[in-house]
Number of protein chains: 2
Amino acid sequence: MTPAAASPLTRKLSAFVALSEAELAVLARLHGRRRSFVAGRDMAHQGQSDQAAYILSAGWVCSYKIQPDGTRQIVDFQVPGDFLGLRSVLLRTSDHSFEPIVDVEAAEVLTGDLLEAFARTPRLATAILWAASRDEAMVVEHLVGIGRRDAGARMAHFLLELGSRLALVGMGSKEGYDCPLTQYHLADALGLSAVHVNRVLRQLRERGLVTFRDGHVAFHDYSGLAELAGFDPAYLDQTGPLLK
Amino acid sequence: MTPAAASPLTRKLSAFVALSEAELAVLARLHGRRRSFVAGRDMAHQGQSDQAAYILSAGWVCSYKIQPDGTRQIVDFQVPGDFLGLRSVLLRTSDHSFEPIVDVEAAEVLTGDLLEAFARTPRLATAILWAASRDEAMVVEHLVGIGRRDAGARMAHFLLELGSRLALVGMGSKEGYDCPLTQYHLADALGLSAVHVNRVLRQLRERGLVTFRDGHVAFHDYSGLAELAGFDPAYLDQTGPLLK
């Protein structure tokens with residue numbers, strides 16, 4: 001087993017394509033430039049050019065935009081197995097910033113590395129396009145959800161989506177998952193105040209659906225929560241490899 | 001010059017990669033299965049599986065989601081040179097519907113076609129990933145804009161973004177562009193009522209910034225409109241090929 005065979009990205013891409021030995025070897029090479037980043041210090045800034053992309057192997061990161069009025073909108077969170085800044089490396093200018101939420105480990109990927117990997121293993125290119133499409137589907141889901149789902153359903157949907165993403169890389173289940181996010185992160189992602197986040201979480205707990213406390217999300221009634229959220233995980237496409 | 005050399009997709013991808021003869025030939029093959037669709041009848045439905053992707057060569061399409069409460073949220077519009085359903089073909093289940101706004105011409109692309117094209121020309125795979133990243137950057141921009149920009153700035157940003165996209169495929173300039181969208185399309189995309197859309201367009205016209213009438217958008221004061229919208233086109237990455 002190569003090192004990358006056990007990496008979260010490998011686990012994730014395996015949901016789309018049954019990877020060959022040659023493809024696993026190329027993935028392992030993409031993990032070659034290991035970097036560490038400390039919590040709270042931006043890995044990349046909005047507007048920055050000539051930036052590398054990263055494959056997150058341990059820890060959590062948030063990507064966000066600062067509005068002209070100074071408020072912060074969190075666009076998404078990245079968990080192990082996710083690319084950071086894949087879009088920025090291709091679009092040349094980063095349209096958002098990344099901040100590690102905890103200390104993180106990541107592999108740096110330059111545009112040249114990516115092109116070389118694509119040239120050797122086109123199925124890997126397709127798998128990475130799949131992962132990017134999945135990221136886009138999540139942003140679309142957030143776009144459509146904002147303002148349409150009430151605060152309870154929005155929170156429920158968010159906790160369920162994170163749970164499914166983490167389950168794909170072996171870090172969660174329908175029982176729950178460890179989660180380092182604070183109520184401020186939840187507030188900036190969901191467009192709620194921290195006080196409102198607090199109240200919504202208490203209501204979900206009192207209804208016996210889910211508890212988020214001490215860095216852990218515990219699902220008490222998974223299907224009840226999914227019903228409240230209107231959560232249909234088809235857009236995450238985790239049902240097994242399309243390409244054998 | 002191959003037929004695809006003149007296609008809108010070819011023009012668009014050329015902003016990212018200087019295409020070789022071999023790459024142009026593969027692109028031409030991707031345009032092989034020509035289809036026509038009439039205005040107003042969905043090309044694909046939310047929840048549909050085993051769907052093809054399309055490369056739009058003429059006409060306008062909108063992609064949308066129907067909410068549980070029956071309202072329609074338009075996620076984005078597609079113009080010539082854009083992929084339709086690239087995400088759906090990779091994610092297996094379409095997370096949204098497509099409706100032609102006028103009669104359209106499109107080339108059907110099956111997953112197998114795409115894989116074969118990627119295997120022959122990895123730089124083309126990277127260019128398509130670039131286009132998908134650009135689509136995602138637009139959705140992120142809409143996500144962040146919703147609720148943060150007031151109605152005037154939101155409309156201005158929308159008209160400017162469309163103008164830049166159309167300019168890339170030779171269908172618009174800083175003078176303006178032809179646009180078949182109705183006030184109902186604008187309302188469903190921007191989260192406004194049709195009456196509100198009407199009022200906002202009148203205000204922009206009276207301020208001497210832009211007129212949208214009789215199927216044509218005319219910019220009177222491009223930089224004034226860009227300033228009102230806070231429009232920075234860096235996320236569209238149209239400044240010339242990264243890969244020579």
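**Entry 1: a salt bridge in chain A.** I began with A:Arg33 and A:Asp113, whose side chains meet in a salt bridge at 2.6 Å, N to O. By the rule I used, a salt bridge is a side-chain nitrogen of Lys or Arg within 4 Å of a carboxyl oxygen of Asp or Glu. A:Arg33 sits in strand E1 (residues 33-37) of chain A and A:Asp113 in helix H4 (residues 111-120) of chain A, so this pair ties together parts that are 80 residues apart in sequence. Over all chains, the structure holds 24 salt bridges.

**Entry 2: ground rules.** This is a predicted model, in which local features need pLDDT of at least 70 and side-chain atom pairs count only at pLDDT 80 or more, while totals for chains, interfaces and linings use all residues; side-chain values use heavy atoms, with hydrogens and water left out. Residues are numbered from 1 along each chain as its sequence is written, and chains are lettered from A and ligands numbered from 1 in the order in which they are written. Helices (H or I, at least four residues) and strands (E, at least two) are DSSP runs, numbered from the N terminus.

**Entry 3: where the chains meet.** How many residues does each chain give to the contact (heavy atoms within 4.5 Å)? I found 47 residues from chain B and 47 residues from chain A. Together they bury about 4500 Å², 68% of it on carbon and sulfur atoms; buried area is the accessible area (1.4 Å probe) that two parts lose on being put together, summed over both. The rule finds 2 salt bridges across this interface. I looked up A:Glu141 with B:Lys65, where the closest N and O atoms are 2.8 Å apart.

On the side of chain B that touches chain A, the elements giving two or more residues are strand E4 (72-78), helix H3 (86-91), helix H4 (111-120) and helix H5 (122-145) of chain B. H5(B) provides the largest share, 18 residues.

**Entry 4: two helices of chain A.** Next I checked helix H5 (residues 122-145) and helix H6 (residues 151-168) of chain A, whose axes come within 11 Å and cross at roughly 170°. Axes are lines fitted to C-alpha atoms, for helices over the stretch in contact, and angles run from 0 to 180 degrees between N-to-C directions. H5(A) and H6(A) are therefore roughly antiparallel to each other (over 145 degrees). A:Glu141 turned up again here, among the H5(A) residues that meet H6(A).

Notes: Contact means heavy atoms within 4.5 Å. Angles under 35 degrees count as roughly parallel, over 145 as roughly antiparallel, 65 to 115 as roughly perpendicular and the rest as oblique.
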